[in-house]
Every structure is written in structure tokens, then in C-alpha cells.
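Hello,

I am passing this structure on to you, and my notes follow below it. Please have a look at it first, then read on.

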Amino acid sequence: QCYRDLALVSRDGMNIVLNKINHILMEKYLKLQDTCRTQLMWLLRELVKSGVLGADGVCMTFMKQIAGGDVTAKNIWLAENVLEILTEQREWVLKSSLLIAMAVYTYLRLIVDHHGTAQLQGLRQKEVEFCISLLRERFMDCFMIGRDLVRLLQNVARIPEFELLWKDIIHNPQVLSAQFTGVLQLLQSRTSRKFLACRLTPDMETKLLFMTSRVRFGQQKRYQDWFQRQYLSTPDSQSLRCDLIRYICGVVHPSNEVLSSDILPRWAIIGWLLTTCTSNVAASNAKLALFYDWLFFNPEKDSIMNI
Amino acid sequence: LVKDVKPGLKNLNLIFIVLETGRVTKTKDGHEVRTCKVADKSGSINISVWDDVGNLIQPGDIIRLTKGYASVFKGCLTLYTGRGGDLQKIGEFCMVYSEVPNFSEPNPEYVAQQSQSKG
């Protein structure tokens with residue numbers, strides 16, 4: 001009822017409403033009570049169903065709140081519900097290339113975390129179907145992700161549907177798209193910061209950015225402990241390290257001023273992330289994540305700050 | 001700032017970040033007390049917190065103390081929340097601090113002062 005009134009009254013295409021929603025999601029999501037989160041999800045669904053311009057932005061902001069390496073009930077609820085909207089409203093999703101790419105990036109990454117219980121397996125299957133269908137139907141939109149798409153696909157390569165996809169990627173790329181010449185083409189394409197950043201929640205970004213811009217080298221221990229305690233303390237959470245490392249390589253590019261000061265250098269943070277990892281698989285994925293841009297570096301297209 | 005805290009000062013208003021929370025001890029009248037190490041850019045100091053508040057405070061919390069006071073306990077300078085004052089969490093993590101000097105280190109001067117005022 002209220003929504004209908006709001007839609008009727010709005011003269012700016014719901015712009016103010018959308019901005020407010022994005023703001024709440026980014027700044028306050030962690031503090032929101034469950035009923036509020038449910039309401040916001042409902043609101044998102046309504047916005048999408050009405051085809052409000054900018055609803056895709058809210059969708060992406062919501063996806064950003066899904067924390068990697070976190071299989072607690074609330075986080076899973078979020079992953080499930082956003083996926084449900086995306087699946088239900090497929091036609092709407094297909095209108096936005098960016099949303100397609102972001103959704104694939106997000107859920108390909110989340111698939112890795114969802115295993116072990118029946119509920120998680122169920123969620124994983126839906127995520128697999130969702131990603132595969134978008135990858136096969138709109139491959140060139142997904143191609144936009146760049147080389148990190150290969151990294152993500154490698155991490156899920158053992159899943160039967162992805163195994164089949166890999167066969168096509170390697171042996172028969174044209175099946176996916178006439179413009180796709182093969183893996184090398186994808187690997188040569190740098191991944192935009194917006195993808196690398198979308199897998200960190202706003203709180204994670206705030207804390208990492210604080211560490212790389214304000215904390216002096218030598219003073220980082222407590223901050224590392226606090227970050228670790230909050231985000232990296234469970235066996236499931238080790239997968240987050242890859243996302244953090246990709247973020248630091250690709251998004252955090254300190255100015256010359258910071259580089260020449262005694263502020264905590266990026267290699268120190270990465271060293272910390274690698275040496276405190278408690279899982280061998282996650283550790284080797286993390287090391288690969290570190291070198292990813294270096295392996296395919298092209299002086300014309302890539303930034304030296306990535307390596 | 002933490003470095004300006006001296007024994008006997010009242011109506012202190014400070015913003016600091018919590019570095020460590022200590023174990024709980026029970027007082028004779030049934031309350032729980034916890035000592036926490038807190039700091040700002042000028043140094044660190046201990047604060048004693050009672051009951052629920054002590055249980056809620058976490059390392060990394062950024063807190064505003066209003067109407068606090070300081071006195072010497074067992075030779076160490078300590079902060080407390082005074083009457084009408086309180087502790088409010090205003091953020092977490094994003095505050096630069098210096099752990100040294102630790103103003104709550106046992107200070108022979110303070111011990112001497114205490115014995116003088118008692119004697």
C-alpha cells in the first residue's frame with residue numbers, strides 16, 4: 001500500500017528513495033535488525049518488479065553485503081533471497097550487462113563457500129544453475145569481468161556443469177560466443193576494480209583502507225588481530241583471503257606520498273594474509289590470486305600498481 | 001588527551017580506542033569489575049569498568065567517555081566513569097593510537113603521594 005503511494009507520488013523516478021536505500025545498505029546494514037532486512041528485501045523486489053530505473057544499483061549494493069567466507073544463517077539468508085529475486089526476475093536482469101557480470105562474479109565466488117549441509121548444497125545447486133545459464137546465454141557480458149573470471153571458474157571447475165563449460169571454453173569457444181576466441185583472450189583482459197571491490201563488504205573495505213592509509217608500519221598487529229577475529233577466524237572464512245588479496249593488488253593503489261611514508265605497505269598486509277592462512281587449498285589459491293595480474297601483464301593495458 | 005590525565009582530575013571527556021579487556025574480578029559488594037587498556041594518539045591508560053558495561057566492551061571499540069575522573073589505585077593511574085557520565089561506543093577499528101607511554105604504569109611518585117595524603 002505504502003509502496004504504491006510512494007510510486008505514485010515520486011517525481012524524480014524514485015531517485016531520492018534509491019539513494020537513501022543505497023546509503024542505508026552501505027553504511028548501516030550490519031546494524032539493521034532482521035525485520036528491517038526483510039523489509040528492505042521486500043522493497044527491492046517491488047522496485048525490481050516495477051522496473052524502476054536504478055533498481056539494478058540497489059541490487060548490486062545488496063549483493064555487496066553478502067560476505068565471502070561466511071556461512072552463518074543471516075548471510076545465507078541474504079544470498080538466498082537476492083538469488084531468488086534475480087532468478088524470478090530474469091528478464092529484468094538480462095537488460096543490464098553490468099548486473100549480469102556482477103551477479104555472475106558474486107555467485108561464482110559464493111559457490112565455493114556453499115557446501116557441507118543439505119541447505120548449502122541446495123543453495124549451491126541453484127547458484128550453479130543461475131551462473132551457468134547466464135554464462136551460456138550472455139557470455140560476452142560475463143567476459144567483461146576479465147581475467148578474474150578464469151580464476152573464479154577454476155575454483156569451481158570440479159562441479160560437473162562447470163566441467164562441461166570448461167570443455168567448451170578450451171575446445172570450442174565459439175559455442176559460447178562468436179566473438180570469443182579462447183581462454184587467452186579472457187586472460188589478457190584486466191579485471192576492473194569494481195568487480196574486485198564488490199566481494200568485500202563496506203565494513204571490510206573501510207578497515208582495509210584504514211590499515212593501508214593510516215596505520216604505520218610496526219603498529220599493525222592489533223588491527224590485524226581484530227580484523228582476523230572478525231572475518232578470518234573460522235575454517236570456512238579462509239576463502240576470503242583471495243578476495244582481500246585481489247582487492248589490495250587491484251584496488252588499493254597508494255599515492256607516491258603514502259608509498260614514501262612509513263605507512264603499512266601492501267606487501268606487509270599480503271604477507272600477513274598469506275602466513276596466517278589455516279587452509280592449504282585457500283593458501284595456494286591466495287598465492288595465485290597474488291600473481292594473477294603479473295602472469296598476464298601487458299604494459300599497454302595493465303597498471304604496474306597491480307603487481 | 002590521555003597524556004593530560006592526572007590523579008584527582010574530574011569531568012574528563014576523552015575519546016579512545018580499546019586495546020585490551022582484562023579479566024573480571026568480583027568486588028566485595030557483588031559487582032564485577034574489569035580493567036581495560038585504552039589509548040589515543042598520546043598514549044595508553046587503564047580504565048576500570050563495572051558490571052554490564054565491562055562485558056560489552058570489545059577490543060577495537062572506539063569509545064567516548066564523558067564526566068570521567070582519574071585516581072590512583074595500587075600505585076597506578078586509572079580512569080573511571082563518574083556520576084552522570086557514561087561510555088558510548090562511537091565506532092570501531094578506525095583510530096590511530098600510541099601504546100606508549102603507558103600512563104597506568106606503577107608510578108612511585110603516585111604511591112608516595114597516596115601515603116602522604118593518608119599519613
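The buried residues of α2(A) are Leu18(A), Ile21(A) and Leu25(A). Seen down the helix axis, these fall within an arc of 65°, so they line one face of α2(A); the arc is that of the directions from the axis to the C-beta atoms. They pack against α3 (34–49) and α4 (55–64) of chain A, where contact means heavy atoms within 4.5 Å.

Before going further, please note that this is a predicted model: local features need pLDDT of at least 70 and side-chain atom pairs count only at pLDDT 80 or more, while totals for chains, interfaces and linings use all residues. Residues are numbered from 1 along each chain as its sequence is written, chains are lettered from A and ligands numbered from 1 in the order in which they are written, and side-chain values use heavy atoms, leaving out hydrogens and water. Helices are DSSP runs (H or I, at least four residues), numbered from the N terminus.

Now to α3(A), which has 16 residues and reaches 23 Å from its first C-alpha to its last, close to the 22 Å expected; the expected span is 1.5 Å times one less than the number of residues. Its buried residues include Leu40(A), Met41(A), Leu44(A) and Arg45(A). Among the elements covering them are α1 (2–9), α2 and α5 of chain A. Just after α3(A), Gly51(A) takes a positive phi of about 65°.

Helix α7 (residues 97–111) of chain A is mostly covered, with 13 of its 15 residues buried.

I also looked at a helix pair. The axes of α5 (residues 73–88) and α8 (residues 118–137) of chain A come within 11 Å and cross at roughly 35°; axes are lines fitted to C-alpha atoms over the stretch in contact, and angles run from 0 to 180 degrees between N-to-C directions. Residues making the contact include Ile76(A) and Leu83(A) of α5(A) and Leu123(A) and Phe130(A) of α8(A).

Finally, Glu137(A) lies in α8(A) and is partly exposed, with a relative accessible area of 47%. Not counting residues up to four places away in sequence, Glu137(A) touches Arg90(A) and Leu94(A).

Enjoy exploring!

Notes
Helices (H or I, at least four residues) and strands (E, at least two) are DSSP runs, numbered from the N terminus. Buried means under 20% relative accessible area, exposed over 50%, partly exposed in between (1.4 Å probe, protein chains only).
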